Amino acid sequence: MTLPKFEYFAPESLEEAQQLLLNKAEGAHLLAGGTDLLVKMNHGLLKPASLIALKHIKGLEEITFDPKNGLKIGATALLANVAAHPDILEHYPAVAAAARETANVQIRNMGTVAGNLCNAAPSADNAPTLLAMNAEVLISGAKGERRLPLDQFFKGPGANALDSDEILSAILVPAPDSDSGVSYQHISARGKVDISAVCVGVMVRMEGDICRDVRIFLGAVAPVPMRAVKTEATVLNQQLTEEIIEKAGIAALDESQPITDVRSSADYRKKMVAVLTRRALTEARDRALNS
Amino acid sequence: MKHPIELKINGDTYSLAVDPWRTLNEVLREDLNLTGTKLGCGSGDCGACTVLVNGRSVSSCLTLALEVQGKEIQTVEGLAPSGSELHPIQEAFVETGAIQCGFCTSGMEMSAAYILSQNSSPTEQEIREGLSGHLCRCTGYIQIVEAVSEAANKMKQS
């Protein structure tokens, strides 16, 4: 188990990283935590000529929150630090939960939330919640900086919207409305450490017991984390009763498009989509009502 | 091209030149003969290669040696530096029968050290969660969980 050979660069600024990325063109790959990248390289799936490490860029690991502008998670913020950050635990409990439920202790001490998104696995644990919360990504490239809604970021299994000169520098999550609630739910064979067979992120905004706004995203049941539009329609402007939530679960089962693979059969995934959608809607509703 | 680096391991500083593609695990085992750290799956699933970097548990098989220069690295050899007296975690592993073939042990012990550095009185559930990134192919998990709990007791008494 030896990694293929590569050149290594450790830029100390985003500009320097940018320049290296431009100069090295197609053969370069960005390195954050390395917990996905080095595995792919070990297995011969990727053979970059050079790696550009991002962890030496000062400030890129920062997590900041303010009640007006919301949350900013820097590209090299560790999963463990996102999971334990006091502001995230208080204002974004589902974002913290998704980070805490990703992989295992060691991987969370190395890997990043941004890396989990850039890797663009359909099963990415951190995607559904951030998508449900209308997150954006901050991207810096040769032509300057741009903001992209996260729901336009995923292009297929392993494919994202970054151009070859671009770096995802931060994840931006709006401040949650006081009458909203968010939930992350997932299921996997080992329960704790392995890749999710199905994962679901839900945000609801409640007016009394009526759901006035909703975003539901399903992971690992389509080529990218998918928005469950028909499911949302079953709950929008409805009382979130057990009966409506049951209907929403069936709608999510119907519109999901899972495949059978090593982690789960398509049939099982469909059943679990219904279960997890119900659980997520229930928790999001309860959080909204108690907020 | 080899890069000159300094690695601080168990309090000692090592100066060496390493190729960028070499992992911390390879450098520990092959260059420095610190073979207490094992290599299992090579993909972050089994935990056999766990070491502490700046006090946090990481998989040394997925860590480039170049990425940890200047940081404090602790391996299982650093748990009982004198070589004569065992660390309370090691004593507890021996006493509870938490070691069968031994291949997972050094990684388990490093995660035990990490768990206890964060929380001196972990519950059984917290220990299980803390060890969830480890596999023991002898399946002696119950004794390993007991060992961590017993180590917590020993470390509070000492």
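**Note on strands, helices and the chain contact**

1. Strand S2 (residues 28-31) of chain A runs parallel to S3(A), and 4 bridges join the two. Helices (H or I, at least four residues) and strands (E, at least two) are DSSP runs, numbered from the N terminus. Two strands count as paired if DSSP finds at least two bridges between them. In this pair, A:His29 has A:Leu51 in S3(A) as its bridge partner. Between S2(A) and S3(A) the chain passes through helix H2 (residues 37-42) of chain A, in a right-handed β-α-β crossover. Right-handed means this: with the strands pointing away from the viewer, the path from the first strand over the helix to the second runs clockwise.

2. The model is predicted: local features need pLDDT of at least 70, side-chain atom pairs count only at pLDDT 80 or more, and totals for chains, interfaces and linings use all residues. Residues are numbered from 1 along each chain as its sequence is written, while chains are lettered from A and ligands numbered from 1 in the order in which they are written.

3. S3(A) also pairs with strand S1. Here 3 bridges join S1 (residues 7-9) of chain A to S3 (residues 50-53) of chain A, again running parallel. A:Phe9 stands opposite A:Ile52 in S3(A).

4. Chain A also has an open antiparallel sheet of 5 strands, in the order S4-S5-S10-S6-S7. Strand S4 (63-66) and strand S7 (144-149) are at the edges, each with a single partner strand, so one side of each has no neighbour in the sheet. Within this sheet, S6 (residues 136-141) and S10 (residues 167-173) of chain A pair over 5 bridges. A:Ser140 stands opposite A:Ile167 in S10(A).

5. Now chain B. Helix H2 (residues 88-95) and helix H3 (residues 105-118) of chain B pack at about 125 degrees, with axes 10 Å apart. Axes are lines fitted to C-alpha atoms, for helices over the stretch in contact, and angles run from 0 to 180 degrees between N-to-C directions. H2(B) and H3(B) are therefore oblique to each other. Angles under 35 degrees count as roughly parallel, over 145 as roughly antiparallel, 65 to 115 as roughly perpendicular and the rest as oblique.

6. Which residues of H2(B) meet H3(B)? B:Ile89, B:Gln90 and B:Phe93 do, facing B:Thr105, B:Glu109, B:Ala112 and B:Ala113 in H3(B). Contact means C-beta atoms, placed from the backbone, within 7 Å.

7. The contact between the chains takes 22 residues from chain A and 23 residues from chain B. S1, H2 and helix H6 (105-108) of chain A each supply at least two residues of chain A's side.

Conventions
Two residues are in contact if their C-beta atoms, placed from the backbone, lie within 7 Å.
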